[in-house]
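This report describes selected features of secondary structure and packing. The sequence and the structure are shown below.

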Amino acid sequence: MANLINLEAVSKSYGVRPLLDSVSLGVGEGERIGVVGLNGGGKTTLLEVLSGLAEPDSGRVSQVRGLRLAVVTQRTELAEGSTIRDAVLAGFDAEHEWAADARVRSIVEGLGITELGLDNPTGTLSGGERRRVALAAALIGDLDLLVLDEPTNHLDVEGVRWLADHLLARRSALVVVTHDRWFLDTVCGRTWEVADGRVEQYEGGYADWIFARAERARLAASMEEKRRNLARKELAWLQRGAKARTLKPRYRIEAAEALIADVPEPRNTAELMSFAKRRLGKTVLELEDVTLKAGDKTVVEGLTWRIGPGDRFGLVGVNGSGKTTLLKLLAGEREPVAGKRIEGKTVRLAHLSQELDELPGQLRVLEAVEEVSARVVLGKQELSASQLAEKLGFPPARQWTPVEDLSGGERRRLQLARLLMAEPNVLLLDEPTNDLDIDTLQQLEDLLDSWPGTMVVVSHDRYLVERVTDAVYALFGDGRITHLPGGIDEYLSRRAAARVPVAAKPAPKTSSAAEFRAAQKELSRLERRLDQLHTRETKLHGQLAEHATDPDKLVELNTELKTVRAEIEDVEARWLETSELVE
């Protein structure tokens with residue numbers, strides 16, 4: 001397989017810091033490569049040198065003759081004075097030309113470009129909307145190589161799934177920087193890790209890379225203990241996860257299982273639930289007959305929703321469906337049009353919003369964290385302000401940086417650190433993964449694993465939602481919140497079904513009409529059974545808390561809880577299979 005681009009002994013520095021040091025590598029025809037590494041470690045620099053946007057300080061970059069290349073980085077600019085149509089559809093003279101091209105139409109619709117208004121000027125768009133327009137313009141081209149820097153940052157869960165499917169269907173090669181681990185594992189067959197000026201290369205996607213890190217840590221006795229443990233914990237999560245995220249990784253299963261044999265489950269749900277009930281009591285956050293609007297749009301109508309002690313919910317929906325508005329209502333920052341919000345007396349609530357709250361710019365990072373508290377207890381972990389800051393991506397040297405000199409991503413991490421230092425018992429997180437690299441994400445998830453409180457997470461990062469929450473709810477725009485037993489896969493299948501026009505759905509054949517009705521009946525039965533099982537699961541959690549001092553009773557209840565959970569998984573799997581038949 002011929003290489004499209006080669007880097008030979010390439011070095012690149014900014015100031016005195018070398019980001020690339022004698023790097024040699026190549027991109028082959030049709031390869032899909034994911035690029036990972038710490039924020040500020042050189043990932044974007046590698047893309048810019050690779051694609052010719054930046055010259056190396058030394059070494060050589062060579063491309064095959066006539067290479068058709070498109071690049072979308074965080075610095076990509078749209079032509080001044082252009083419209084969205086100019087930027088995306090410049091190669092088409094008439095509307096019917098692109099509308100008749102199924103591939104182009106799929107890109108325009110899949111990235112929500114028509115919703116932005118094709119004749120609107122690009123100068124009026126937000127940063128996220130401009131990135132989507134630039135991405136659409138690049139994807140429409142007939143290319144040999146596509147170079148993308150964080151393309152999922154401004155897409156919802158559905159958009160990320162669409163982009164993954166689109167890239168898998170293309171023949172062109174791909175080099176993509178991303179912190180979206182589901183996307184990395186789904187799309188990429190090779191991983192580059194940029195660290196300390198070098199680029200380490202691994203076969204496979206995220207799961208393979210995590211295995212390689214864990215194995216490398218096992219062999220290198222000198223590597224720090226915390227990274228070894230985190231890598232093994234992450235590998236255990238990947239290996240033991242639900243079928244919905246199992247992607248048949250290429251590493252040796254036996255070796256992986258040997259590495260994780262003594263790694264416990266990410267969190268002890270019964271223990272955390274018991275602790276949460278002692279801290280929070282019975283009432284946490286409740287919405288009673290609430291109607292909520294965002295402008296003229298109704299987000300929910302007549303909604304009653306009770307969020308109890310220890311509940312860990314993920315909330316998904318398309319961009320603009322009202323997730324952020326609903327989170328602000330839960331936080332007490334918005335008033336409903338009708339109904340009421342009830343907050344428990346013992347609730348200490350922390351809300352991580354998408355806006356950057358005012359931070360003390362006159363202080364240094366560590367001082368800003370210590371301003372809240374010197375030490376924090378998160379579950380069984382007791383951490384100093386410095387230790388928590390380091391877990392969230394501020395190494396000791398960086399902790400003495402003035403807050404006013406931090407980047408947007410660093411300011412967001414500092415905001416999260418200050419929230420956690422206040423030891424809240426209710427966390428509302430709105431897109432917490434924005435601007436976090438994979439190492440910092442792992443550290444955050446490790447903290448949340450042992451965090452004994454109630455949590456609601458809004459995120460387009462499906463890996464995070466599946467990793468740290470126990471139930472998924474969705475806003476479909478019908479004024480209700482819908483519980484999804486099948487998680488994000490169920491959300492995507494429902495959204496896909498909703499997009500198919502009724503007339504286009506083939507009616508069941510006469511010969512299979514009875515089977516169709518039987519499947520509908522079975523679906524209803526399974527849904528009722530799931531409700532019964534979830535009710536029983538909730539009661540068992542309550543009984544575990546009540547009998548916390550009775551070891552024999554705890555063993556009995558825990559055995560029953562495991563049986564109930566096993567049946568829930570079985571029923572959910574059958575529900576997904578049956579729902580596909582009905583759809």
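Predicted model: local features only at pLDDT ≥ 70, side-chain atom pairs only at ≥ 80, totals over all residues.

## Overall composition

The protein has 583 residues, of which 52% are buried. Its secondary structure amounts to 21 helices and 20 strands. Among contacts in the protein with a separation of 6 or more, 69% are between residues 24 or more positions apart.

Strand 10 covers residues 285-294. Its antiparallel pairing with strand 11 comprises 7 bridges, and Leu287 stands opposite Trp305 of strand 11. The hairpin of strand 10 and strand 11 has 2 residues between the strands, and Gly295 adopts a positive phi near 65° there.

With strand 13, strand 10 pairs over 5 bridges, again in the antiparallel sense. Two positions illustrate this pairing: Glu286 has Ile342 of strand 13 as its bridge partner, and Thr291 is opposite Ala338 of strand 13.

## Packing of helix 4 and helix 6

A pair of packed helices is described by the angle between the axes and the distance between the axes. For helix 4 (residues 102-110) and helix 6 (residues 127-140), the angle is about 165° and the axes are 10 Å apart. Angles over 145 degrees count as roughly antiparallel, and helix 4 and helix 6 are therefore roughly antiparallel to each other. The crossing of helix 4 past helix 6 is right-handed.

Which residues make the contact of helix 4 and helix 6? Helix 4 contributes Arg103, Val104 and Ile107, while helix 6 contributes Ala136, Leu139 and Ile140. By class, this contact of helix 4 with helix 6 has 5 nonpolar residues, 1 charged residue and no polar residues.

How values were computed
Residues numbered from 1 in each chain as written. Heavy atoms only, no water. Pairing = 2+ DSSP bridges. Helix = DSSP H or I, 4+ residues; strand = E, 2+ residues; numbered from the N terminus. Axes fitted to C-alpha atoms, helices over the stretch in contact; angles between N-to-C directions. Parallel < 35°, antiparallel > 145°, perpendicular 65-115°, else oblique. Left-handed = near helix turned anticlockwise from the far one by under 90°. Contact = heavy atoms within 4.5 Å. Nonpolar A, V, L, I, M, F, W, Y, C, P; charged D, E, K, R; others polar. Buried < 20%, exposed > 50% of the residue type's maximum accessible area, 1.4 Å probe, protein only.
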